[in-house]
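Colleague: Thanks for making time for this. Could you walk me through the structure, one question after another?

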Amino acid sequence: MVPVPRGSAALLPRPFRVVRTRRELPDVRTLELEPLDDAGPIRFQPGQFTMIYAFGIGEAAISISGDSVKPDVLVHTVRAVGPVTRAVFRAKRGDVLGIRGPYGEGWPIEVAAGRDIVVIAGGLGVAPLRPLVQAILTERARFRRVAVLVGARTPATLLYARELARWRGRFDLEVRATVDAADPAWNGEVGPITTLLARATFEPDQTAAFVCGPEVMMRFVAADLVHRGVPPSSIFLSMERNMKCAVGVCGHCQFGPAFVCKDGPVFPYSRIEGALRVREL
Ligand SMILES: Cc1cc2nc3c(=O)[nH]c(=O)nc-3n(C[C@H](O)[C@H](O)[C@H](O)COP(=O)(O)OP(=O)(O)OC[C@H]3O[C@@H](n4cnc5c(N)ncnc54)[C@H](O)[C@@H]3O)c2cc1C
Ligand code: FES
């Protein structure tokens, strides 16, 4: 039997007040939250998530999308898809939400030290990768070439477009974007995100890759990276499964023999390659 984690920090939501909201896309909003209790800020590793509780509605797992070296403000980016995320999306400055966490295993940034890095994000997958890129930039000298490759349906649905443009202005970062359908003003790539892998500069056997996006996209990207010579143990994917407890007890997030909440959400491809091939596992 799996032991239930002790202590209120593991299971009881803490009250957090919304201090700022930003509309990213028509259905996506970023919220900044501050704790109302005296338990202090949530310190987290890039890639970890919290459970957000919309009072009277329910909880959902949401990645932390803020900078891990500035934990005083908790940052989440949500897409309104169901009851909880719609309620969080609608939250205004001064509203109170419940937060528990952080949970899960984040991006293993240490394995990338001294190596090339490729960060690959599709759609809302940029949200959990943003703290990783911020952490890489904080200690930029520890890594070799860094490429950030982003895909979206259209130019208008490119998340964090302004921040991407800022990153693109740096000399120590290669930033590329692709869309499925362009408009006349678009001067990036058009096509699947694997198109960008062909253009990015990295030495495959000396590369760590961090990937988040729709599952089908991650399947293609991981296979493409392996084909190019990146070792499966150096490719890391962030998986999503429906969550309830988030602490490895209820079994809702089971993925093959692993629990996404406790063993993930970030997994090396070498560990989940078999399970990832099974649709809707
Ligand atoms: C680790 C992790 C990090 C996440 N990070 C974010 C984030 O940063 N931002 C964000 O917006 N979302 C994120 N999500 C997704 C979010 O938790 C889910 O979309 C959640 O189900 C939303 O709850 P809801 O009540 O709003 O919608 P729900 O009622 O749960 O439904 C949302 C939609 O997803 C479908 N759905 C829900 N659960 C499943 C399932 N198990 N299998 C198939 N389809 C399902 C529903 O049919 C519906 O279309 C994350 C999920 C995980 C596991
Ligand atoms: S959500 Fe309960 S075991 Fe993962």
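Modeller: Happy to, and please keep in mind that this is a predicted model. Let us start with Arg-199, which is found in helix H5, residues 194–199.

Colleague: Is Arg-199 buried, partly exposed or exposed?

Modeller: The relative accessible area of Arg-199 is 41%. Buried means under 20% and exposed means over 50%, with partly exposed in between. Arg-199 is therefore partly exposed.

Colleague: And what distance separates the C-alpha atoms of Arg-199 and Leu-164?

Modeller: Along the chain, Arg-199 and Leu-164 are 35 residues apart.

Colleague: Let us move to the ligand. Which residues are the closest to ligand 1?

Modeller: The shell around ligand 1 holds 19 residues. They divide into 11 nonpolar, five polar and three charged. The closest are Ala-61, Ser-63, Thr-77, Arg-79 and Thr-85.

Colleague: Which residue has a side-chain N or O atom 2.5 Å from an oxygen atom of ligand 1?

Modeller: Let me go through the contacts with you. A nitrogen atom of ligand 1 is 3.0 Å from an N or O atom in the side chain of Ser-63, and an oxygen atom of the ligand is 3.1 Å from a polar backbone atom of Val-84. The 2.5 Å distance, from a ligand oxygen to a side-chain N or O atom, belongs to Thr-85.

Colleague: How much of the area of ligand 1 does the protein bury?

Modeller: Taken alone, ligand 1 exposes 930 Å². Of that area, the protein buries 64%.

Colleague: Where does ligand 1 sit, and which element gives the largest share of its shell?

Modeller: Ligand 1 sits in the largest pocket. The elements giving two or more residues to its shell are strand S4 (58–63), strand S5 (74–79) and helix H2 (83–90). The largest share, four residues, comes from S4.

Colleague: Where does Pro-265 lie?

Modeller: Here too there is a cis peptide bond, from Gly-264 to Pro-265, with omega near 10°. As for its place, Pro-265 lies in the loop between helix H7 (260–263) and strand S15 (266–268).

Colleague: What is the phi of Tyr-160, and is this residue buried or exposed?

Modeller: Tyr-160 is in the loop between strand S8 (146–152) and helix H4 (161–168). Although Tyr-160 is not a glycine, its phi is positive, at about 55°. With a relative accessible area of 5%, under the 20% cut-off, Tyr-160 is buried.

Colleague: What is the phi of Ala-246?

Modeller: Ala-246 is found in the loop between strand S12 (235–238) and strand S13 (254–255). Its relative accessibility is 3%, so Ala-246 counts as buried. Phi of Ala-246 is positive in a residue other than glycine, with a value near 70°.

Colleague: Which residue's side chain makes a polar contact with the side chain of Ser-234?

Modeller: Ser-234 is in the loop between helix H6 (215–228) and S12. This serine is buried, with a relative accessible area of 6%. At 2.8 Å, the side-chain partner of Ser-234 is Arg-115.

Colleague: Which backbone oxygen does the side chain of Thr-138 reach?

Modeller: Thr-138 is found in helix H3, residues 126–138. At 2.8 Å, its side chain reaches the backbone oxygen of Gln-134.

Colleague: Which side chain does Glu-163 join in a polar contact of 3.4 Å?

Modeller: Glu-163 is found in helix H4. At 11% relative accessibility, Glu-163 counts as buried. Its polar contact of 3.4 Å is with the side chain of Gln-134.

Colleague: One more, please. What is the relative accessibility of Phe-210?

Modeller: Phe-210 is in strand S11, residues 207–212. The C-alpha atoms of Phe-210 and Ala-80, 130 residues apart along the chain, are separated by 25 Å. Phe-210 counts as buried, and its relative accessibility is 0%.

Terms used. Residues numbered from 1 in each chain as written. Chains lettered and ligands numbered in written order. Predicted model: local features only at pLDDT ≥ 70, side-chain atom pairs only at ≥ 80, totals over all residues. Heavy atoms only, no water. Near = heavy atom within 4 Å. Polar contact = N/O pair within 3.5 Å; in protein donor to acceptor, adjacent residues only side chain to side chain. Areas by Shrake-Rupley, 256 points an atom, 1.4 Å probe, with all protein chains shown as cover. 1 Å grid on protein atoms, 1.4 Å probe; cavity = no way out; pocket = protein on both sides within 12 Å on 5 of 7 lines; lining within 4 Å. Sits in = over half its atoms within 2 Å of the grid points. Nonpolar A, V, L, I, M, F, W, Y, C, P; charged D, E, K, R; others polar. Buried < 20%, exposed > 50% of the residue type's maximum accessible area, 1.4 Å probe, protein only.
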